[in-house]
Amino acid sequence: MAREAIDTLAIMLDHIDYTDNSVIARIYTREYGLVSCIAKGVKKKLKKGTNKMSYFLPLNICQVTFYYRAERELHLLSELHLIYYHQSLHTEIKKILYTSSLAEFLLCILHEDSQPHLLFDFLKDKIIQLDRQNEHLIHLYVHILLNVCAYLGYKPNVLAWQDILETDYQHLPTYLEDVYYNPEQSYPLTTEERKAILAAIEQFAKRYIHGFKPLQSKAIWEIIY
């Protein structure tokens, strides 16, 4: 089957080295959901001594062109351009941790057959908000995680949270219901409440969303809190 050139918006999630000068990038596209692409030659130094690896930082919002073959799992990335330049996601320590954790969560939960358009637009707007916002980041982060689950057809409800949360945290379902709709919360979460909320979201995803894998970023939250 002939390759089809796809031009679309994409969110960079991660990459791994492929050859001395190339990488395999995993990106969430507006047209095809999660796809993996070979990006050839991107580690070669340019005339000014730089390369294009900064384009592959997690949660970069890009315009990409890639050659798609339905029968293959790996596609060829032809062009990549940033359409939004983050001001703080990749420079402020706490935001770097949020960025890494969110990218991992998305990789664990998204699939190629996801309905991408609405979820992609939601993520693009919220990633920009995360970059620009400097306070109450935990509420925005939880808001994003809950809505990603809902876009995939698994909206958590109060009964689900009551079943998952331990006895000491049975007051939190109300917070989770509120922050799902509105991330502009002033609720002062304690360190233990934050950990309980993030553990509950992971437990919900493992219980209800097929293929979800345990997160490796728990150590990140120990650093944050």
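Q: Which residue stands opposite His-15 in E2?
A: Ala-25 does.

Q: How do E1 and E2 pair, and over how many bridges?
A: Strand E1 (residues 4-17) and strand E2 (residues 23-29) pair in the antiparallel sense, over 7 bridges. Two strands pair if DSSP finds at least two bridges between them. Strands (E, at least two residues) and helices (H or I, at least four) are DSSP runs, numbered from the N terminus.

Q: What am I looking at here, and how are residues numbered?
A: This is a predicted model, with residues numbered from 1 along each chain as its sequence is written. Local features need pLDDT of at least 70 and side-chain atom pairs count only at pLDDT 80 or more, while totals for chains, interfaces and linings use all residues, and side-chain values use heavy atoms, with hydrogens and water left out.

Q: OK, back to the strands. What do they build together?
A: A closed barrel of 5 strands, in the order E1-E2-E3-E5-E4, with mixed pairing. From one strand to the next, the twist averages 50 degrees. Angles here run from 0 to 180 degrees between N-to-C directions, and axes are lines fitted to C-alpha atoms, for helices over the stretch in contact.

Q: What joins E2 to E3?
A: A hairpin, through 3 residues. E2 and E3 pair in the antiparallel sense over 7 bridges, and Tyr-28 stands opposite Leu-34 in E3.

Q: Where does the parallel pairing come in?
A: Between E3 and strand E5 (residues 74-84), over 3 bridges. In that pair, Cys-37 stands opposite His-75 in E5.

Q: And E4 with E5: parallel or antiparallel?
A: Antiparallel, with 7 bridges joining E4 to E5. E4 and E5 form a hairpin with 5 residues between them. Tyr-67 is opposite Leu-76 in E5.

Q: How many residues of E3 are buried?
A: 7 of its 7, and E3 is mostly covered. Buried means under 20% relative accessible area, exposed means over 50%, and partly exposed is in between (1.4 Å probe, protein chains only).

Q: Which helix lies across E3?
A: Helix H1 (residues 93-109), which lies across E1, E2 and E3 (33-39) and runs at about 120 degrees to E1.

Q: Is Phe-66 buried or exposed, and why?
A: Phe-66 counts as buried because its relative accessibility is 0%. Its place is in strand E4 (residues 61-68).

Q: What does Phe-66 contact beyond its sequence neighbours?
A: Leaving aside residues within four places in sequence, the contacts of Phe-66 include Ile-6, Thr-29, Tyr-32, Val-35, Cys-37 and Leu-77. Contact means heavy atoms within 4.5 Å. Phe-66 and Cys-37 are 29 residues apart in sequence, and their C-alpha atoms are 7.6 Å apart.

Q: Switching topic: how much space lies in the largest pocket?
A: About 350 Å³. That volume is the space filled by probe spheres set on grid points, which are joined across faces, edges and corners. On a 1 Å grid over the protein atoms alone, a pocket is an open set of points where a 1.4 Å probe fits, with protein on both sides within 12 Å along at least five of seven lines; lining residues have an atom within 4 Å of a point.

Q: Last one: what does Gln-129 touch?
A: Leu-140, Pro-183 and Glu-184, not counting residues up to four places away in sequence. Gln-129 is in helix H2 (residues 116-132) and is partly exposed, at 21% relative accessible area.
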